[in-house]
Amino acid sequence: MSEQGKQSLVRAVGGSYFPLALVARMPYAMMVVGVLTLVVTARGSLALGGLNSALVGVGAALGGPVLGAAVDRFGQRLVLLVISGLSSAALGVMAWVVYSPLPDAAVLVVAFLVGATAPQIAPMSRTRLVTIISARIVPERRERVFNSTMAYESAADETVFIVGPVVAGLLAVAIDPWAPVVAAAALTLVFVAVFALHPSAVVARDTTGRTPAAPARELARPRLVVVVVGILGVGLFFGSMLTSLTAFMADHGRPEQAGLVYAAMGVGSAALALGVALFPAGFGSAARWLVFGAVILLGALTLPAVSSAGSVTGMVVALLVIGIGIGPTLVTQFGLGARRSPIGRSATVMTMLGSAIILGQSMASAITGEVAERWGTDAALLMPVGAALVIVVAGVVNARLGVPPVVAVQSPEAAAVTADH
């Protein structure tokens, strides 16, 4: 963030906000890996573990927009307090049911509930900050602070989704496979509740609800749908990349190191996400999406060659290049989602975008795993290319849709920040 913009926003939300929001995201990043490890160990089935992980993702994808709609109506404080309790309970039941005599179907149901009750702190944080920026930051500085905030939020997501699985793995090894799930339950109960009770929730709530919410059909407008499709493409890329990379590392006899190699993409992504705020004003959203989407696609196109060469170092380099494209693309897409949110529907839109990533990740993981098993690693590494094409094509459509002269349904908080540029 720019130092001046950062200081102003920190004063508006309080110095404790950013570390609190960062820690509160951690359980969400630990859930999928934690459930996978627990089920595989307790039930002795990799296939069942993968299916449970997928159901966590599907539950989160379906539950996210419902959570967002509830927040738009009742505010973050009440909804997050309720969901923190429900999520902790679901995780606790998950830790118990896998060791119980209940059938596998019961484990699958609980896995779905773990995802459906997941408190999606990242979308909640974005919604809260965008609303506060429009209310507390002077107009001439809102655009810069908005871009810096979206960049920081994406970098925070990348950091947590690198650290979360590592923490889950360490807990499983050091204590027991149930430890990551129980730890996620405890973190949810404490830190999500504290996030809900943070004074910034009241500040954000006081600046909303002044105008009736736009009809739900406004969520289906093409300029918003294309952003959802684009960010679904990023989720597809995440899932296909991690799964095909795991197959690649398994071919080298080191499948347990897939997460460490995958982290190379996160490092590049987080670094470039933070740099988005420094881009010139003339380098607008449509152009950024196309340029950095193309970087993802070009990096993905090198993956089959890297696989044929059998070079782990080459794979790390390719992932670093891809990460350069991922970070700015995510920042751009979330920024467009915030700007194009219909009146009174900002939390719904942010959770739709977050859910699209999780849904894409879950779908791609399942499909890519099947491709790898049937046709091998080289075929599996073509799946990220397909996902990158989704990102680029959506970017082209976004550019063709253009910017309307008047955004009639844009949320007041988003309109107060800026129009598309």
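In the predicted model, L36 is found in helix α2, which spans residues 17–43. With a relative accessible area of 31%, L36 is partly exposed, since this value falls between the limits of 20% for buried and 50% for exposed. Apart from neighbours within four places in sequence, L36 is in contact with G49, G50 and S53. The C-alpha atom of L36 also lies 9.5 Å from that of P177, although 141 residues separate the two along the chain.

L170 and P180 are ten residues apart in sequence, and their C-alpha atoms are 8.5 Å apart in space. L170 has a relative accessible area of 55% and is therefore exposed, whereas L36 at 31% is partly exposed.

For the chain as a whole, the secondary structure comprises 18 helices and zero strands. Of its 421 residues, 54% count as buried. Among contacts in the chain with a separation of 6 or more, 85% are accounted for by residues 24 or more positions apart.

Helix α10 covers residues 222–251 and helix α14 covers residues 312–339; the two pack at an angle of about 160 degrees, and their axes are 10 Å apart. Because the angle is over 145 degrees, α10 is roughly antiparallel to α14. The crossing of these two helices is left-handed. On the α10 side, the contact is made by L224, V227, G230, I231, V234, F237, F238, M241, L245, F248 and M249. The α14 side contributes V312, M315, L319, I322, I326, T329, L330, Q333, F334, L336 and G337. By residue class, the contact of α10 with α14 divides into 18 nonpolar and four polar residues, with no charged residues.

Helix α12 (residues 285–301) packs with α10 at an angle of about 25 degrees, with the axes 13 Å apart. The angle is under 35 degrees, and α10 and α12 are therefore roughly parallel to each other. The crossing of α10 and α12 is left-handed. From α10, the residues making this contact are V226, V227, G230 and F237. From α12, they are W289, I296 and A300. Six of the residues in the contact of α10 with α12 are nonpolar and one is polar, while no charged residue takes part.

R126 has its place in helix α6 (residues 121–136).

N398 lies in helix α17, which spans residues 383–401.

The structure holds six aromatic pairs. In one of them, the rings of F279 and F283 have their centres 5.5 Å apart and their planes at 55 degrees, so this pair is tilted. F279 is partly exposed, with a relative accessible area of 23%. F283 also pairs with F292: the ring centres are 6.1 Å apart and the planes stand at 45 degrees, so this pair too is tilted. F292 has a relative accessible area of 9% and is buried. Elsewhere, Y17, F18, Y152 and F195 form one aromatic cluster.

Methods: Residues are numbered from 1 along each chain as its sequence is written. This is a predicted model: local features need pLDDT of at least 70, side-chain atom pairs count only at pLDDT 80 or more; totals for chains, interfaces and linings use all residues. Side-chain values use heavy atoms; hydrogens and water are left out. Axes are lines fitted to C-alpha atoms, for helices over the stretch in contact, and angles run from 0 to 180 degrees between N-to-C directions. Helices (H or I, at least four residues) and strands (E, at least two) are DSSP runs, numbered from the N terminus. Angles under 35 degrees count as roughly parallel, over 145 as roughly antiparallel, 65 to 115 as roughly perpendicular and the rest as oblique. A crossing is left-handed if the near helix is turned anticlockwise from the far one by less than a right angle, and right-handed if clockwise. Contact means heavy atoms within 4.5 Å. Ala, Val, Leu, Ile, Met, Phe, Trp, Tyr, Cys and Pro count as nonpolar, Asp, Glu, Lys and Arg as charged, and the others, Gly among them, as polar. Rings of Phe, Tyr and Trp (its six-membered ring) pair if their centres lie within 6.5 Å; planes under 30 degrees apart count as stacked, over 60 as edge-to-face and the rest as tilted. Buried means under 20% relative accessible area, exposed over 50%, partly exposed in between (1.4 Å probe, protein chains only).
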